[in-house]
Amino acid sequence: MNAPILIAMVLYMAVVVWIGFIYSKKNQTSEDYFLGGRGLGPWVTAMSAEASDMSSWLLMGLPGLAFATGFSQAGWTAIGLILGTYLNWKIVAKRLRHYTEVSENSITLPDFFSNRFKDDKKILSSISAVMILIFFTVYTASGFAACGTLFNSVFGLDYQKSMIVCAAVIVIYTSLGGFLAASTTDLIQGLLMSFAIVVVLIVGIVAAGGIGNVIDYGKGLEGFFDIMKYHDPETGRAVSQGILPIASGLAWGLGYFGMPHILVRFMALRDPQEMKKSRNIAMIWVLISLTVAVCIGFTGATLYSDVAELAGNGNQRIFIYMTTHLFKGLIPLFLAGVILSGILAATMSTSDSQLLIASSCVSKDLFQGLFKKKLEEKQVLLISRVTTILIALVGIVIALDENSSVFGLVENAWAGFGGAFGPLMLFSLFWKRTNLKGAIAGMLSGGIIALVWPFTLGTLGGIFEIYCLLPAFIISSLLIVIVSLCTEEPEKIMVKEFEEAKKLSAAE
């Protein structure tokens, strides 16, 4: 019965591997491999940025949260992400595109930070590279876990074996095709994700008897549609959450300023004048995708709130469950497989970018930067591909536990990047008084706080239960300002490059 679904998903994976082989011939230099030669068009830039952003979390974590608890937690998080996406495109994208060229043609984020602050000892880029390796390994594991969950839920296949096969596919096309392959497949994957969630929502609403029935069901659950409370599925009661959890949801938007796999798309756009077009495309996609994902959770609750396998962490399977149960007899099973490939698309579109950036950190920022190794272009590409495989192996080990939460893994990695890189990115682009010591203090404090907060102060409850990204972002920002003002002024060359990047951005 499920053979057509499996065939569709296998064909999809074959297509992305084929794209990797095609682009493998175009990677002659490290700039080609890591940045696509700065030749992305507006559509590929926009869709690859957003597809690599959302990951499997869009089709599993977010609908699952809305399914279980209603609007408040999922809705405020979605709003925070929408605002963060817009601000990132509006104030960061163009300035970063110009600044990376002005600062010695930087092709990785750690490379930019070191060039921006004239860090000859490569302290900043080394810290950046280590943090990227740590957080992206965790992030990648969430994608692998989503793949294993998908094949286990739909076909009853072994979770661990399925997860490993999917990880191998991602590694193959990423290591072969590099940035161009990742970006091209991300465009396809972004469109597929959109198609999948819209179709599932429409069919789900029809099955539920219309939008009115979905709304009526939600109103019948305490706190389900409340903006200040959430529904507790275990007790059936509404739980008041106050302003801090709302602030935590909105704080997700701060993470965008520090996401390497998104920021690198801004750096790769072929023409900065096309940035506005890319921003408009990206915002339309984000608004539709996040709104529909939350509504899928509401609709799923109306249809399947009493299904035992969707309890607890099982709620993140709601999209899979709806697809496999709603489309029986309605559409060819092959098309259902195409829709379920949306989860593969969400996973692959993020994991490929993360693996690529992590590998660039090892080859460019550690080997060539910190260790001062003189490498030929072929050696750089070889080290990058080997690193991709090693990081994937660690991610597989993390994802071996099939009960791991996709939402939880993404939440931890997102906070790490947002706290470590977000404030520094903003101050690097917009405050010329920022110096190297301030940058190091901000990056270290933000990353460390994001890592340790949930296991230390976060356990105290009360105001300390806030999402760790927010305190990490605030403390990092404060330290950047305080340390920069208390130490020497930036070098003249740093000020000159700052003004040049500012002038180029203002001229368009």
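Trp 252 and Tyr 467 are both buried in this predicted model. Their ring centres sit 5.2 Å apart with the planes at 25°, so this pair counts as stacked. Trp 252 belongs to the loop between helix 10 (243–251) and helix 11 (260–268), while Tyr 467 comes from the loop between helix 17 (436–452) and helix 18 (469–486), so the contact ties together parts 215 residues apart in sequence.

Phe 427 is buried at 19% relative accessible area, whereas Trp 431, at 24%, is partly exposed. Ring pairs also join up a cluster made of Tyr 99, Phe 112, Phe 113, Phe 135, Phe 136, Phe 417, Phe 421 and Phe 498. Over at Phe 117, the ring face has Arg 116 lying over it, 4.5 Å from the ring centre.

On the charged side, there are 7 salt bridges. Lys 118 turns up in a network of them with Glu 104 and Glu 497. The N to O distance is 3.2 Å to Glu 104 and 2.9 Å to Glu 497. Glu 497 sits in helix 19 (residues 492–506), 379 residues away from Lys 118, which lies in the loop between helix 6 and helix 7.

Definitions and conventions: Residues numbered from 1 in each chain as written. Predicted model: local features only at pLDDT ≥ 70, side-chain atom pairs only at ≥ 80, totals over all residues. Heavy atoms only, no water. Phe/Tyr/Trp six-rings, centres within 6.5 Å; stacked < 30°, edge-to-face > 60°. Helix = DSSP H or I, 4+ residues; strand = E, 2+ residues; numbered from the N terminus. Buried < 20%, exposed > 50% of the residue type's maximum accessible area, 1.4 Å probe, protein only. Lys NZ or Arg CZ within 6 Å of the ring centre and 35° of its normal. Salt bridge = Lys/Arg side-chain N within 4 Å of Asp/Glu carboxyl O.
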